[in-house]
Amino acid sequence: MSKLQKYLARANEQAPRKEVVVVIDGDEWKVRQLNLSELRECERMADKGEKTDWFLYNDARIVKATEHEFPWNQEELKKAYKAGTKYELVEKIFRDNPDGYSKLLQAVRDVNAGQSEEEAIEEAKN
């Protein structure tokens, strides 16, 4: 199989991702590994020129890592919490539960440990 054929075959495949489960207030949250596109999107979102909005970066990573099983973009949910975007919901939902937020963020960090952009590129090549 040539390189071209190999990558054409992969174009529509869903690559398996690592996933961990965290229990917060009795609810299971499935946190999956972010792919290269998602990592880049989170970094671009948080990049504010001379400085980075680390809160937004972390909230975006939480959303991207859990949106396969939690409806962050659901309009009724955003209205109930008076959030303009799904990324604003994270802080509002966990406002009174900093331990839950910490568990979720740690799970995102753990499942993506060693997943820098350079490592993701190398992994994608193989």
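**Helix packing and the core**

Author: In this predicted model, helix 2 (residues 36-46) packs against helix 3 (residues 54-66) at an angle of about 150°, and their axes are 8 Å apart.

Reader: How are helix 2 and helix 3 oriented to each other, roughly parallel or roughly antiparallel?

Author: Angles over 145 degrees count as roughly antiparallel, and helix 2 and helix 3 are therefore roughly antiparallel to each other. The crossing of helix 2 past helix 3 is right-handed.

Reader: Which residues make the contact?

Author: Helix 2 contributes Glu38, Glu41, Cys42, Glu43, Met45 and Ala46, while helix 3 contributes Leu56, Tyr57, Ala60, Arg61 and Lys64. By class, six residues of this contact are nonpolar, five are charged and none is polar.

Reader: And what is the angle between helix 3 and helix 6?

Author: Helix 3 and helix 6 pack at about 75°, with axes 10 Å apart. These two helices are therefore roughly perpendicular to each other. Among the residues in contact are Phe55 and Ile62 of helix 3 and Tyr101 and Leu104 of helix 6. The contact has seven nonpolar, two polar and three charged residues.

Reader: Changing topic, which residues touch the most other members of the largest nonpolar core?

Author: That core has 27 residues, and those with the most contacts to other members are Val31, Ile62, Trp72, Val90, Phe94 and Leu104. Helix 6 provides the largest share of the core, six residues.

Reader: What does Phe94 touch?

Author: Leaving aside residues up to four places away in sequence, Phe94 touches Ile24, Trp29, Trp72, Gly100, Tyr101 and Leu104.

Note on methods:
Residues numbered from 1 in each chain as written. Predicted model: local features only at pLDDT ≥ 70, side-chain atom pairs only at ≥ 80, totals over all residues. Heavy atoms only, no water. Axes fitted to C-alpha atoms, helices over the stretch in contact; angles between N-to-C directions. Helix = DSSP H or I, 4+ residues; strand = E, 2+ residues; numbered from the N terminus. Parallel < 35°, antiparallel > 145°, perpendicular 65-115°, else oblique. Left-handed = near helix turned anticlockwise from the far one by under 90°. Contact = heavy atoms within 4.5 Å. Nonpolar A, V, L, I, M, F, W, Y, C, P; charged D, E, K, R; others polar. Core = buried A, V, L, I, M, F, W, Y, C linked by side-chain atoms within 4.5 Å. Buried < 20%, exposed > 50% of the residue type's maximum accessible area, 1.4 Å probe, protein only.
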